[in-house]
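User: I have just opened this one and I'm new to it, so please walk me through what is there.

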Amino acid sequence: MVDGGPIGVFDSGIGGVSIARKIRELLPAEDILYVADTHYAPYGDKSDQYILKRSFVVTDFLLSRNVKAVVVACNTATTTCITSLRARYSVPFIGVEPGIKPAVLNSRSGVIGILATQKTLVTDSFVELAHRVSGNVRVEIMACPDLVAQIESLKLNYHEAVGLVEQYVRPLLAKGADTIVLGCTHYVHLAPVIASVAGPDVSIVSTEAAVAKEVQRRLEDIGPVLNKSRVGREEFWSNGPQEYFQKQIHHLWGPQAIIQQF
């Protein structure tokens, strides 16, 4: 670990940019190195071994760039292989899990809905989490196989996305859900559309702020926080088509973003 190294963040695509944004807000002096494993995306329909192999490859790259911690900014990769990553490498790993606990505490109807990839919903860690924290609240799940592609295509406004979002949200509402959990980091980019479809009486729960706070806590455990007068820098790396990745990051982050080939 290098004390002055960047925070590594990775996802299969641009979903984890929402987490990188929260890290930037909370830790303005830290450098961030974001990797989108775009050529091998999405992870949500891949086998455990496939996701584990890609996570090892990306982590090896991040460590070659001297990162001091790795944020697995992908629910599917977290639930599938973060235990193996922690066993293999010595740097801190911070994962992402669906915000079931805060949703349970928030629910008035006693029913919560979870939007996630099919892969996340069948992992042992997700099933165990849902069982452990749900209590008397009923958990309704909804696999969303097309949402990641919608978001990667930057079709994010209401008119472009509402039809697809309705297919996934309305069945949860019909079952009485008054709280909907965004169980994939990609889905945060469509949170305004999801909230609009769900209506004002339904709460939307995401975890990127909580993940950023955990990153801060883990960094404080391993060394002093960088001077806040310093301005952190970001680099965004992808192994997909660079021109389109640049379009994605400039749309989600801003035109000043540095784009690199992974």
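**Strands, helices and cores**

User: In β4, which residue is the bridge partner of V70?

Analyst: The partner of V70 there is F93, and β4 and strand β3 (residues 69-72) run parallel, joined by two bridges. Strands here are DSSP runs of E with at least two residues, helices are runs of H or I with at least four, and both are numbered from the N terminus; two strands pair if DSSP finds at least two bridges between them. Please keep in mind that this is a predicted model, where local features need pLDDT of at least 70 and side-chain atom pairs count only at pLDDT 80 or more, while totals for chains, interfaces and linings use all residues. Residues are numbered from 1 along each chain as its sequence is written, and side-chain values use heavy atoms, without hydrogens and water.

User: OK, what order do the six strands of the open sheet come in?

Analyst: The order is β4-β3-β1-β2-β9-β10, with parallel pairing. At the edges are β4 (93-94) and β10 (258-261), and each has a single partner strand, so one side of each has no neighbour in the sheet.

User: Which helix packs on the sheet, touching β10?

Analyst: That is helix α11 (residues 242-252), which also touches β2 (32-36) and β9 (234-238). The direction of α11 makes about 150° with that of β10, where axes are lines fitted to C-alpha atoms, for helices over the stretch in contact, and angles run from 0 to 180 degrees between N-to-C directions.

User: Switching topic, which of the 56 residues in the largest nonpolar core touch the most other members?

Analyst: Those are I23, V71, L115 and Y187, and the element giving the most to this core is helix α8 (residues 158-174), with seven residues. Such a core is a set of buried Ala, Val, Leu, Ile, Met, Phe, Trp, Tyr and Cys residues joined through side-chain atoms within 4.5 Å, buried being under 20% relative accessible area, exposed over 50% and partly exposed in between (1.4 Å probe, protein chains only). Another core, of 22 residues, lies apart from it and includes Y43, L52, I82 and W237.

User: And what is Y187 in contact with, leaving aside neighbours within four places in sequence?

Analyst: Y187 contacts (heavy atoms within 4.5 Å) L115, A116, T117, C144, L147, V148, I151, L182 and I194.

User: What about the open sheet of four strands, where do β6 and β8 stand?

Analyst: The order there is β6-β5-β7-β8, again with parallel pairing. Both β6 (138-143) and β8 (203-205) stand at the edges with a single partner strand each, so one side of each is left without a neighbour.
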